[in-house]
Amino acid sequence: MREQDRWDRTGIGGLGTFCPDKVVRGRKSLTTMGCLNHFEEVHVVLGNESCDLDSAVASVVTAFLLHQKKSELKCAVLPVLNIVRRDFRLRTEVTFFLQKTNIPFDLLIFKDEIDLEKLRKEKRLCLTLVDHNVLSADQQCLEEAVVRVIDHHKLECRDRRMRCDMTVEMVGSCCTLVAEKMFTTCPSVIDQQIAMLLYGTILLDTVCLLKEAKRATEKDINIVIKLETKLEKVTRIEVFEALQKAKFDLSGLTFEEMLRKDLKVVEGNKFRIAIPSIPGFLEDLKAEPKLSIAMEEFITQNNYHGLVIMTIHHNSETRKVQRQIAVYSPDPVIKEQIVNTLKGAQDPGLELEPLHLGISDLMSFNQRNIAASRKVVLPLVRSFIQESPVSSHSAKGKTDFLRSTRQVTP
Ligand SMILES: [Mn+2]
């Protein structure tokens, strides 16, 4: 059987129709909000801000489940993907999998298409958090609307327990908990489409239940086996590898989208440094036309002062990992200072080895300490921001900072 046929067998299930039709038809926020006026209660299922496959699928499937249980006409149940629609293209494994499982993209609602704060003010919002249990800083205002949490991260917010239905368990994937809920409360609605959505997500999150990866728990394994009873002729490794491939497939993305795909930003002291992580090698960037201009544009448009690009390459045959790191800033002093911070790191050191790629303005290195991920580099960049001496470019920022400090100090 061709791979395509196998995927198509997931068929079009009920997912497209679980939201009251007129609500999800309207894609523009105005239309959506206009339609939402008809409902006394709007129940939103919100994933975390990374909008990875776990968050996206957990939110879509949980909304479907809640809708089954709560089909009163006065209540709308909506999954909301916690990114702006423009960024959806960057979640390549999510777009790939939702397409494969026949979820039409125009039925999805993104955070910039619904005014949750307005609904909360009108006291019409009920919020279920999936795949996270703490609202991000700019969504804190929604806190009082939270009625349910389904999550597999460490519980950071305990005082909600009284008013909230909490399902928090350290399993490999939030979708394992969603699947478990479905099997216990509504097993009859698990068709091939829903089973495949949950199945693929759990496999991706647990590295295909691989023991050595230490992600999968007993429960993840049992749920995967149960889901397999709803699926025909699928193999774990096939589904996992297709998703893994889609996750690292940057072929459809522009350079700017590549930088934004997996981006962390460190800020403070009026400094903003972006740390994108890109699969592959720095050498690959040479193919990018007008690279320096693109980097400068990216920096200017987002008010960054510098860019620390990390690349990672997994060789699937040798299982070897290679890391590289490069620093860019239109300000040579800042660039130099960041490089010195990275070079001077100890415990662990990054073991940097200069690379001459011939990309002007970019200082590039092989990073021989492959264990030092962004979790190590990010605090280094933060220490640069906090401790760096005032440079030419940053002088203004630092002065502003001092002035604002002075204002609050009596
Ligand atoms: Mn997750």
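Me: Cys208, buried or exposed?
Reply: Cys208 is buried, because it has 20 other C-beta atoms within 10 Å. Buried takes 20 or more other C-beta atoms within 10 Å, exposed 12 or fewer, partly exposed in between, with C-beta atoms placed from the backbone.
Me: Before we go on, what kind of model is it, and how is it numbered?
Reply: The model is predicted: local features need pLDDT of at least 70, side-chain atom pairs count only at pLDDT 80 or more, and totals for chains, interfaces and linings use all residues. Residues are numbered from 1 along each chain as its sequence is written.
Me: OK. What is phi of Cys208 near?
Reply: It is near 60°, a positive value in a residue other than glycine. Most residues other than glycine have a negative phi.
Me: And where does Cys208 lie?
Reply: Cys208 is in the loop between α8 (192–205) and α9 (218–228). Helices here are DSSP runs of H or I with at least four residues, strands are E runs of at least two, and both are numbered from the N terminus.
Me: What about Lys233, buried or exposed?
Reply: Lys233 counts as exposed, with 9 C-beta neighbours inside 10 Å. Its phi is positive too, about 50°, although Lys233 is not a glycine. It sits in the loop between α9 and α10 (236–247).
Me: Which peptide bond is cis?
Reply: The one from Asp347 to Pro348, with omega near -5°. Pro348 is in the loop between α13 (332–343) and β11 (352–355).
Me: Now the sheet. What is the strand order?
Reply: It is an open sheet of six strands, β3-β2-β1-β4-β5-β6, with parallel pairing. Strands pair if DSSP finds at least two bridges between them.
Me: Which strands stand at the edges?
Reply: β3 (109–110) and β6 (165–168). Each has a single partner strand, so one side of each lacks a neighbour in the sheet.
Me: How many bridges join β1 to β2?
Reply: Six, between residues 41–46 and 75–81. His43 stands opposite Val77 in β2.
Me: Which strands does α4 touch?
Reply: Helix α4 (residues 53–69) packs on the sheet against β1, β2, β4 (125–130) and β5 (146–151). Contact means C-beta atoms, placed from the backbone, within 7 Å. The direction of α4 makes about 175° with that of β2. Axes are lines fitted to C-alpha atoms, for helices over the stretch in contact, and angles run from 0 to 180 degrees between N-to-C directions.
Me: And what are the bridge partners of Arg148?
Reply: Thr128 pairs with Arg148 in β5, and Asp165 in β6 is a partner of Arg148.

Notes:
Contact = placed C-beta atoms within 7 Å.
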